[in-house]
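My notes are below the view.

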Amino acid sequence: MNEREKILARVREALKTPAPLPGSHGETHLPVFEKTVSTPRQWLPKVGETFEEQLALFAKNAAELKADFQLLASRDELKTALAKISSTEDWKHVASHRGELTDSISGSLNLPICFTDKNYDVHELEICDVGISECDALVAQTGSVLVTNRSAGGRALSVLPPHHVVLARREQLVADLPAAFELLQQKYAANYPSMISFITGPSRTGDIERILVLGAHGPKKLTILCF
Amino acid sequence: MNFASQFLKDARVMAGDLRHRKIIRAALGNYEIARDKRKASFQSWESARQLAAETKWDALNHLDKYLVEFTAKIEARGTKVHWASTAAQAREIILQIVRDKKARSIIKSKAMTAEEIHLNDALEHAGLNVVENDLGEFIVQLRHEAPYHIVFPSMHLTRGEISDLFQRELGSAPTNDPEELTMIARRALRKKFLTADIGITGANFAIAETGMISITENEGNARLTAALPKTMISLLGIEKILPKLGDLALFLPMLATAGTGQPLTGYNTMYGGPRQPGESDGPEEWHVVLLDNHRTELLADAEQRDALHCIRCGACLNVCPIFKNIGGHTYGTTYSGPIGSVITPHLRGLQDWKHLSNASSLCGACTEACPVKIDLHHHLLQNRRNAAAQQPTLKEQIGFKSFVQLANHPKLWAFAKKFARLTQPLQKLVRGTPLDPGYHWTQTRDLPDVAPETFKDWWRKRK
């Protein structure tokens, strides 16, 4: 018998004795487990039903997380907004990936671009001032950006450069976490990307006296440009 | 010195350490405010706890089925799964991978399971360089110390101490600024990230339905660990299972709320395999090591099986009056606080670690704080009962037998009361000193005076 079989045999042996249900303090043994009818959405923080409420909630959460959320009137404004940040921060090197939104924008920066959706040199990515990516969804409930390595240029682009800029469309906003997981299942269930990440604000730490510091290992800045 | 005597000795010192108390109170005071705000934002935190407990109950009580499903799914995407019954086997599996890869440099993101099997010691012993990349873990590693807390490893240190440490170990300039200190560590660790051959991670959850692990972190260090090195190793206990991907919609915000008082932790990332065809980065090889290490023994204890629900959020430590006074290191265990006191006797022997279950006020704050409803303070009582049943101490046997005699004989009882009333004035002279027959009680506790008159006497006189 190998270790796998040994461990599974021990598990099966252990489970012959039924465990009391949660919250029963061991006083009553109820061996039959009845799956609860409740779902996470009923208990998680409430999210408004209209698109405007959800957008406002996302903006509020992003502000609390110290992410820069810019709501733009049109797709054309993406270019202007990006050019403005580029000149303020004096970008020299930009990293991005091929995508419908990124393709139409990144070319206008007139800077060398390191593309991370084909083989790339990690040292080249490391010197970039910014990583510009698309995303799968924005989550109103938590102010999170949902990315996968398929939608957002691999595993490192959104976390190695000191600034992560996300390009998003308004219709990518989802209400809550259950909706985000439903979206993942609809979009990818046949073949999931090997990495799925909920990014909630810029990289942070509180390990020194529980004082918040941004940019621990990942980006110091997270900008979300949404039109 | 045995574990219990060492614990008592250290606890006495730490409980009187006012500086330590001040640091911990300040850190946890802020935590409580943030956590309460987040809990209040839930439509019903209590119902969320019940659902989380039921989900984990389902996972643990069908663990065999879910483990088979998890491994089949994750292996189908090219991940190599290893099974380890013991800590030694897990260390050997990981060392063998490292040897096969001829790796020189290893980076590691925070993993309590790795602390449990003393992985870093084993790797260093084999002449390898392993660097912790979570800031708090990096700090305690430089101090050659175990993490102080399962979520906040360097919570017991001030910025001054960390600045001194960085000056000494990294040659950096002194600074009083937490941001500057963080940047010193960021620069030092960036180089390691870019050159490491192997990245080691833990896992917060393992999803049976889709064959994924989920890692929760704030810094992005685990994201980099899973993105840059060519080989990735993830070590996790078999109890980390969740049945469905959608269960994370509940567990991720609950872990963040209970653990740090955040709505959601900075990065919550699910990994379903090594770099797949057509993907541009990520490890070429991914090894997942599933660890038992006495978990199946705890699983066999149906009464305490729910201790395996634990998602290592640290909430029970943060509210525990014992933890707040004696600190994390005093426990002498990988897992400290109430959950550590409950599970350590199962993981490392009941008789050696039963003292932890006695070091409790049984106030139940831990049980109330637990997001997955582990019946922590009742389990402490059950450990006490089991320890006494398994190996009663002579003192307790004599004590309880005498008490039974006393309580069953009214005349003897009446005599004992009279005797106590007469001798107590003498005992008062030596109370709390080693001359006191009740010294073990009175050195740290009050002994109330025996009433001048018994109720019976008073009743008789009244007639």
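**Entry 1: the interface.** I noted that this is a predicted model. I looked up the contact and found 80 residues from chain A and 100 residues from chain B in it. The area buried between chain A and chain B comes to about 7800 Å². Carbon and sulfur atoms give 59% of that area.

**Entry 2: polar pairs.** I counted five salt bridges across the interface of chain A and chain B. One I wrote down is E64(A) with R38(B), where the closest N and O atoms are 3.3 Å apart. For polar contact across the interface of chain A and chain B, the list has 49 residue pairs, both residues at pLDDT 80 or more.

**Entry 3: the chain A side.** Which elements of chain A give two or more residues to the side that touches chain B? I found helix 1 (3-14), helix 2 (40-43), helix 6 (122-126), helix 7 (177-188), strand 9 (195-199), strand 10 (204-205) and strand 11 (213-214). Helix 1 of chain A gives the most, with eight residues. By type, the residues on this side of chain A are 38 nonpolar, 25 polar and 17 charged.

Entry 4: I traced an open sheet of eight strands in the order 8(A)-5(A)-6(A)-9(A)-9(B)-6(B)-5(B)-8(B), with mixed pairing. Where the chains join, strand 9 of chain A pairs with strand 9 (residues 267-271) of chain B, antiparallel, over five bridges. There I located F198(A), whose bridge partner in strand 9 of chain B is N268(B). Within chain A, strand 5 (residues 137-139) pairs with strand 8 in the parallel sense over two bridges. V139(A) has V174(A) as its bridge partner in strand 8 of chain A. I also found helix 12 (residues 248-260) of chain B packing on the sheet, with its direction at about 175° to that of strand 5 of chain B.

**Entry 5: the sheet of chain B.** Strand 4 (residues 198-201) and strand 7 (residues 231-237) of chain B pair over four bridges, and T201(B) is the bridge partner of S234(B).

Methods
Residues are numbered from 1 along each chain as its sequence is written. Chains are lettered from A and ligands numbered from 1 in the order in which they are written. This is a predicted model: local features need pLDDT of at least 70, side-chain atom pairs count only at pLDDT 80 or more; totals for chains, interfaces and linings use all residues. Side-chain values use heavy atoms; hydrogens and water are left out. Contact means heavy atoms within 4.5 Å. Buried area is the accessible area (1.4 Å probe) that two parts lose on being put together, summed over both. A salt bridge is a side-chain nitrogen of Lys or Arg within 4 Å of a carboxyl oxygen of Asp or Glu. A polar contact is a pair of N or O atoms within 3.5 Å; within protein, one must be able to donate a hydrogen and the other to accept it, and residues adjacent in sequence count only if both atoms are side-chain atoms. Ala, Val, Leu, Ile, Met, Phe, Trp, Tyr, Cys and Pro count as nonpolar, Asp, Glu, Lys and Arg as charged, and the others, Gly among them, as polar. Two strands pair if DSSP finds at least two bridges between them. Axes are lines fitted to C-alpha atoms, for helices over the stretch in contact, and angles run from 0 to 180 degrees between N-to-C directions.
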